[in-house]
Amino acid sequence: MLKKSLTGLAMWFPVVIMIALLVLTTCLLPESWSSSDAFTIWTMLAVGLGMIVLIVLLTWLFTKLYQWKKGYFYLALSLLILVPRIIWIAWLPTDAVSDYYYYNVIASYVADQNSWSVLFDKGILFYAPYFTHILNFSNVLSVVYKLFGNSYFVGQLFNIFLTGLTGVLLYITLAKRFSRNVATSAALIFAIWPAYFLYSTLLGTEPLFLFLFVLSIYLYMKIEENGFSPLWAFLLALTLICMNMIRPLAAVVLIAFVITALIVQKDRRKTLKAYSIVIILFVLFSLGQSTINRLVYHIPTSNSSLGYSLFVGANEKSGGQWAKEDANQFWKLYNDTSLTNSEVDKELMSKGITRYKDMAKDGDLVSHMKNKYIHYSDENYGYNWNVYSQAGFVWYHSDIILMICNVFMYVMLAINFVAAILALILRKIPSIYLFTLFQVGFTLSGLLVEVQGRYHIPLIIGYSVLAAWGLNEIRKLCLAFVPKKKKKRQAILTTPEDV
């Protein structure tokens with residue numbers, strides 16, 4: 001009895017936390033977005049309603065297309081993601097800025113057969129040996145440049161192609177667990193997400209991260225579906241390791257997989273055996289990452305950049321965002337030849353922890369976390385990075401673009417809230433449990449370190465899935481109240497997978 005109670009509590013707890021986070025995001029989102037007087041609340045409500053209608057209509061059309069011919073369905077989904085983005089970058093050229101500049105420059109040099117040690121000696125790698133995700137993504141990008149042409153535009157096309165692959169893979173993955181309606185809706189929501197549409201046309205690492213993230217979910221579901229297999233376990237571990245090399249969030253994903261398997265599956269001993277290989281390989285790689293980096297790049301690198309991220313995230317004045325004073329402290333330590341990269345990271349980690357302790361002592365920690373949450377939830381990231389990348393059109397149409405991005409976010413928050421409540425009332429938490437863990441894990445881990453609006457991009461997958469599931473549950477509830485005669489007609493039009 002106690003065991004069942006604890007399991008039930010473990011099921012409810014993440015969902016309740018997610019509901020609280022959804023409410024908090026909804027309340028704090030306006031503080032990161034100053035709406036224009038050009039749009040009344042009624043205008044925004046109409047736009048929001050139109051977005052819901054668009055999602056429902058597209059889901060119906062694509063479901064019918066799948067029933068007619070599967071090949072056309074996948075082609076249409078791919079074109080929906082790829083074509084508008086390709087037209088966008090062809091019509092609206094942008095510049096590579098900030099880290100994206102270094103991805104492009106480093107990848108270009110490597111594609112031209114320059115060695116990593118030469119680039120390191122010439123100072124071209126800049127701070128990349130410390131922020132190793134720059135090295136890793138640039139390495140991947142250099143292969144793309146070698147194969148398809150050495151230019152920033154090719155890099156943009158690569159990210160767009162990855163976004164298309166992610167959308168299709170998301171559908172394939174969800175179709176294993178949910179109905180066709182849910183899988184289709186989730187893929188479509190991901191495809192048309194306005195802020196991410198803008199951002200995915202640039203040279204960020206997020207498209208590759210999201211692809212690996214969805215691939216890891218696919219492999220996890222393969223293991224759950226077919227039982228333990230050393231091959232699937234190895235592939236999952238490899239995917240998580242690659243994901244961590246791009247953005248250090250794979251531990252959140254792995255923990256969510258293990259917790260879900262332990263809570264949902266009955267045979268816990270078998271579950272632990274299945275994931276022990278994944279955990280061991282992931283931990284071994286994480287501990288030896290600096291050595292592996294040295295073997296790959298032949299230059300001294302840091303094992304982690306968590307210290308810097310924690311240090312910046314603990315800056316009360318900047319609200320946990322980049323600040324020049326923090327950058328100066330980093331460069332002072334980084335340029336100290338007596339310190340290794342790992343020692344620099346430890347020093348910054350210590351400074352960050354001290355900052356948090358001081359805030360807790362002064363009673364300022366709650367207000368700091370509130371400010372960080374505002375920055376973390378900022379849905380203007382796609383707009384901001386396009387403007388920063390010299391996209392003049394986006395700047396000239398700021399009001400309408402910001403309104404569309406933020407209203408879409410409000411719609412997703414509202415549908416996710418309803419979905420979570422329905423899961424509790426209808427006792428269907430197992431259906432969405434994994435994705436609630438993702439949302440809670442990404443958010444809470446993100447608040448400990450440096451924050452930017454683009455850092456909540458991993459939440460898009462969970463938001464899309466939960467919104468799609470919620471819409472489908474609402475549809476089924478509505479059908480339950482349809483008179484019997486109409487129900488019979490509806491049954492004729494509904495496929496078994498939709499129920």
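I looked up contacts (heavy atoms within 4.5 Å) first: among those in the protein between residues at least 6 apart in sequence, 79% join residues at least 24 apart. The model is predicted, so I note that local features need pLDDT of at least 70, side-chain atom pairs count only at pLDDT 80 or more, and totals for chains, interfaces and linings use all residues. Residues are numbered from 1 along each chain as its sequence is written, and side-chain values use heavy atoms, with hydrogens and water left out.

I then checked secondary structure, counted as DSSP runs numbered from the N terminus (helices H or I, at least four residues; strands E, at least two). I found 24 helices and 0 strands.

For overall dimensions, I took the radius of gyration over C-alpha atoms and the globule rule of 2.2 Å times the number of residues to the power 0.38. The protein has 23 Å, which agrees with the value near 23 Å for a compact globule, because it has 499 residues. Along the principal axes, I get a C-alpha box of roughly 80 × 60 × 50 Å.

Next came burial (under 20% relative accessible area, 1.4 Å probe, protein chains only). I read 53% of the 499 residues as buried.

Leaving aside neighbours within four places in sequence, Leu240 touches Ser216, Ala250, Val253, Leu254, Phe257, Val278 and Phe282.

How values were computed: Buried means under 20% relative accessible area, exposed over 50%, partly exposed in between (1.4 Å probe, protein chains only).
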